[in-house]
Amino acid sequence: MLRWKTPGARKTGMWMAALALVLTAFGFARGAGGGAAELIPIKLGLESITKAERDKLWERVDEYATVDALLEFCGRKLNLQRRTWAAVSPCVEVRSLRKVAGVFRAKKAEYVKAWETAFAEPDKKKTMCDSQKPKLAEYTRILDAHISEAATMCSACIFC
């Protein structure tokens with residue numbers, strides 16, 4: 001059920017970081033007095049990235065929802081959505097954050113329900129979670145690193 005690819009996932013960053021990858025962009029606008037162009041802060045959104053980048057973002061949202069659902073099902077709550085929002089909100093539009101978060105929540109709920117259905121009996125749940133324990137620690141470490149990377153990218157943005 002998991003499609004997690006550790007090496008590739010680590011290189012591509014946090015699902016929200018996909019939005020922040022284009023942080024080198026900046027905007028210019030006329031000053032209030034009609035003077036020269038000045039640098040204005042901008043926040044990037046879904047329309048700021050290419051279709052291929054959006055497709056990759058939605059793929060990552062699905063992967064992270066799967067992993068976060070498994071972690072939560074096995075008793076490990078990472079507060080992934082809240083932590084990611086805090087990490088990238090300085091450089092990503094709220095409207096885009098809400099859309100991504102909504103899709104993430106819906107997918108995560110779907111996966112949690114699937115885990116609960118497939119492993120409804122306590123013994124089955126314990127056996128499955130115990131068998132996933134080594135991977136759960138690795139997933140947690142990877143997700144934490146991705147959130148940190150996204151926060152670093154946003155804090156480094158001089159235009160946001």
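The link between cysteine 74 and cysteine 129 is left-handed, with -85° about the S-S bond. Cysteine 74 lies in the loop between H3 and H4, whereas cysteine 129 lies in helix H6 (residues 122-155), so the pair ties together parts that are 55 residues apart in sequence. The two sulfur atoms of cysteine 74 and cysteine 129 are 2.0 Å apart, a disulfide being a pair of cysteine sulfur atoms within 2.5 Å. In total, the structure holds 2 disulfides.

The model is predicted: local features need pLDDT of at least 70 and side-chain atom pairs count only at pLDDT 80 or more, while totals for chains, interfaces and linings use all residues. Residues are numbered from 1 along each chain as its sequence is written, and side-chain values use heavy atoms, with hydrogens and water left out.

Helices are DSSP runs (H or I, at least four residues) numbered from the N terminus. Helix H3 (residues 51-73) is followed by glycine 75, whose phi is positive, near 90°.

The axes of helix H4 (residues 80-88) and helix H5 (residues 94-118) come within 11 Å and cross at roughly 160°; axes are lines fitted to C-alpha atoms, for helices over the stretch in contact, with angles from 0 to 180 degrees between N-to-C directions. This angle makes H4 roughly antiparallel to H5, a term for angles over 145 degrees. Leu80, Gln81, Trp85 and Val88 of H4 make the contact (heavy atoms within 4.5 Å) with Val94, Leu97, Arg98, Ala101, Phe104 and Arg105 of H5.

Technical notes: Helix = DSSP H or I, 4+ residues; strand = E, 2+ residues; numbered from the N terminus. Parallel < 35°, antiparallel > 145°, perpendicular 65-115°, else oblique.
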